[in-house]
Amino acid sequence: MLIIEDDANIVDATSLLLEDAGYEVLSARNAEQAHALVEQRPDIDVVFTDVNLHGAVNGIELARQLKQRGSRASTVVVSGDLGWADTQLDADMRFLAKPYGRQTLLAAVAEACARKSQV
């Protein structure tokens, strides 16, 4: 799983929750790092990205770019800005509102893993 988030505290907290649940977690702070990791690790099953990233692209656009480059990962898109909740997402993407609790996070990731295995 790849977490793309520019807030180090959120990366740390989310990574700990996911690692405790048995997931292997990689993280990227921006689009460039995400592209490099996906290039090195084509086995990434789930991309977990914040919508509002520092840089030229948002998390939704970044997930689509990764797909165009061959990633087969399903995507969980997160944001505290609920205006994004109504955004049209691709079939392999789901929106998760911040703040989220442990159970909600784990359910969203498990569902993303199930979507990936159906591809």
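**Reading a predicted fold, one feature at a time**

Biologist: Let me start with one residue. Is Ser-15 buried or exposed?

Modeller: Ser-15 is buried, because its relative accessible area is 10%, and the cut-off for buried is under 20%. Bear in mind that this is a predicted model. Ser-15 sits in helix 1. Leaving out residues up to four places away in sequence, Ser-15 touches Ile-3 and Val-25.

Biologist: Thanks! How many helices and strands does the protein have?

Modeller: You will find four helices and five strands. Following the sequence, their order is β-α-β-α-β-α-β-β-α.

Biologist: And the overall dimensions, how do I read those?

Modeller: Compare the radius of gyration with what a compact globule would give. For 119 residues that would be near 14 Å, and the protein has 13 Å, which agrees. The C-alpha trace spans about 30 × 30 × 25 Å along its principal axes.

Biologist: What share of the residues is buried?

Modeller: Buried residues are 44% of the 119. As for the surface, the protein exposes about 6200 Å², with carbon and sulfur atoms supplying 49% of that area.

Biologist: How should I think about a core?

Modeller: In soluble globular proteins, nonpolar side chains tend to be buried together. Here the largest nonpolar core has 16 residues, and Leu-18, Phe-48, Val-76 and Leu-96 touch the most other members. At least two residues of this core come from each of helix 1 (8-20), strand 3 (46-50), strand 4 (74-79) and helix 4 (102-118). Helix 4 gives the most, with five residues. Apart from this core lies another, of 15 residues, including Val-38, Val-47, Leu-62 and Ala-73.

Biologist: Which residues does Val-76 touch?

Modeller: Setting aside residues up to four places away in sequence, Val-76 touches Val-46, Val-47, Phe-48, Thr-49, Arg-94, Leu-96, Ala-108 and Ala-112. For the protein as a whole, take the contacts with a separation of 6 or more: 62% of them join residues 24 or more positions apart.

Biologist: What about the backbone? Where is there a cis peptide bond?

Modeller: As a general idea, most peptide bonds are trans. In this model, the bond from Lys-98 to Pro-99 is cis, with omega near -5°.

Notes: Residues are numbered from 1 along each chain as its sequence is written. This is a predicted model: local features need pLDDT of at least 70, side-chain atom pairs count only at pLDDT 80 or more; totals for chains, interfaces and linings use all residues. Side-chain values use heavy atoms; hydrogens and water are left out. The radius of gyration is taken over C-alpha atoms; the globule rule is 2.2 Å times the number of residues to the power 0.38. Buried means under 20% relative accessible area, exposed over 50%, partly exposed in between (1.4 Å probe, protein chains only). Contact means heavy atoms within 4.5 Å. Accessible areas come from the Shrake-Rupley method with a 1.4 Å probe; for residues, only the protein chains shown count as cover. A nonpolar core is a set of buried Ala, Val, Leu, Ile, Met, Phe, Trp, Tyr and Cys residues joined through side-chain atoms within 4.5 Å.
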